[in-house]
Amino acid sequence: MIHLEGMTNGRGLRIAIVVAKFNDFVTERLQAGAIEGLKSAGVDDGDICVIKVPGAFEIPFAAKEAAHRGGFAAVVCLGCLIRGATAHFEYIASAVSHGIVDAAAATGVPMTFGVLTTNSVEEALERAGAGPANKGWEAAIAAVEMATLQKALHDRKPDGVRV
Ligand code: DLZ
């Protein structure tokens, strides 16, 4: 049996973080969580590139461009949509999520989803607190896992790699 699994050791990986500025009182915290998560996984500060976009709707475009041209092993996508405060909430949420999936498929670069879709500001802030429960942190670790899994798949290591 072949078992392949990504690692949470991201040493040597170059990672992009695309961050929407809309609702920045939340997305700044997601960004901080993602950076902390990447560093906890061994990613070097100099290998992290933060890319800001106006709102969540613009995330897929920037993520795709970064993946095409940036030489990144993975892209972490961060944003915040709050249902009550967001006109066309479903439309934007759907466009962003599908856009990120499409961008990853088109570029072959793993992209992870740290875009909050919540009912209230309180719910959003709960998901952007300190530590590993921060959704930016979660998306960052997922990016490291997917980048190392991709490498394992390319290398076809028969015993896989383990955390
Ligand atoms: C317009 C808009 C609205 C109403 N709500 C949000 C939101 O909750 N979160 C977010 O990231 N962006 C929002 N935007 C901005 C759009 O994502 C986009 O930046 C603009 O429509 C310009 O294309």
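A polar contact is a pair of N or O atoms within 3.5 Å; within protein, one must be able to donate a hydrogen and the other to accept it, and residues adjacent in sequence count only if both atoms are side-chain atoms. The model is predicted, with local features needing pLDDT of at least 70 and side-chain atom pairs pLDDT 80 or more, whereas totals for chains, interfaces and linings use all residues. Residues are numbered from 1 along each chain as its sequence is written, and side-chain values use heavy atoms, with hydrogens and water left out.

**Exercise 1.** Determine which backbone and side-chain atoms lie at the stated distances from ligand oxygen atoms.

*Solution.* Begin with the backbone: an N or O atom of Phe-57 is 3.1 Å from a ligand oxygen. Gly-55 likewise places a backbone N or O atom 3.3 Å from an oxygen of the ligand. Then turn to side chains, where an N or O atom of Asn-23 lies 3.5 Å from a ligand oxygen. The protein covers 72% of the 480 Å² of accessible area that the ligand has on its own (Shrake-Rupley method, 1.4 Å probe).
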